[in-house]
Amino acid sequence: MEIALVGEKTRPEDWLPRLRERLPADRFHVFPDVPDRSAVEVAIVAAPRPGEVAQLPNLKLAQCLWMGVDALV
């Protein structure tokens, strides 16, 4: 599965090692450096900029790292 970390407050160095350890078969990208945005099915988000999540057209799940989803609406 293709998973993207999205948002200016997402610290990849905090998340990627743990995620890769627990989900070794999945591929992780840090937005906007996503080779094929249409392949991303899961976004892990924290304070995304307006319109960033919308650039992932086949998204099936958006997991917010912070309380509330105001930035996604």
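Strands are here taken as DSSP runs of at least two residues, numbered from the N terminus, and in this predicted model histidine 29 is found in strand E2, which covers residues 27–30. The chain as a whole holds 1 helix and 4 strands, and these elements follow one another in the order β-α-β-β-β when read from the N terminus.

Histidine 29 has a relative accessible area of 13% and is therefore classed as buried, the cut-off for that class being under 20%. When neighbours within four places in sequence are set aside, the residues in contact with histidine 29 are Glu2, Ile3, Ala4, Leu5, Val34 and Pro35. With one of these residues, glutamate 2, the side chain of histidine 29 also forms a polar contact of 2.4 Å.

At the level of the whole chain, the radius of gyration is 11 Å, which agrees with the value near 11 Å that a compact globule of 73 residues would have. The C-alpha atoms occupy a box of roughly 30 × 25 × 20 Å along the principal axes. Buried residues account for 34% of the 73 residues, and, of the contacts between residues at least 6 apart in sequence, 54% link residues at least 24 apart.

Key
Residues are numbered from 1 along each chain as its sequence is written. This is a predicted model: local features need pLDDT of at least 70, side-chain atom pairs count only at pLDDT 80 or more; totals for chains, interfaces and linings use all residues. Side-chain values use heavy atoms; hydrogens and water are left out. Buried means under 20% relative accessible area, exposed over 50%, partly exposed in between (1.4 Å probe, protein chains only). A polar contact is a pair of N or O atoms within 3.5 Å; within protein, one must be able to donate a hydrogen and the other to accept it, and residues adjacent in sequence count only if both atoms are side-chain atoms. Contact means heavy atoms within 4.5 Å. The radius of gyration is taken over C-alpha atoms; the globule rule is 2.2 Å times the number of residues to the power 0.38.
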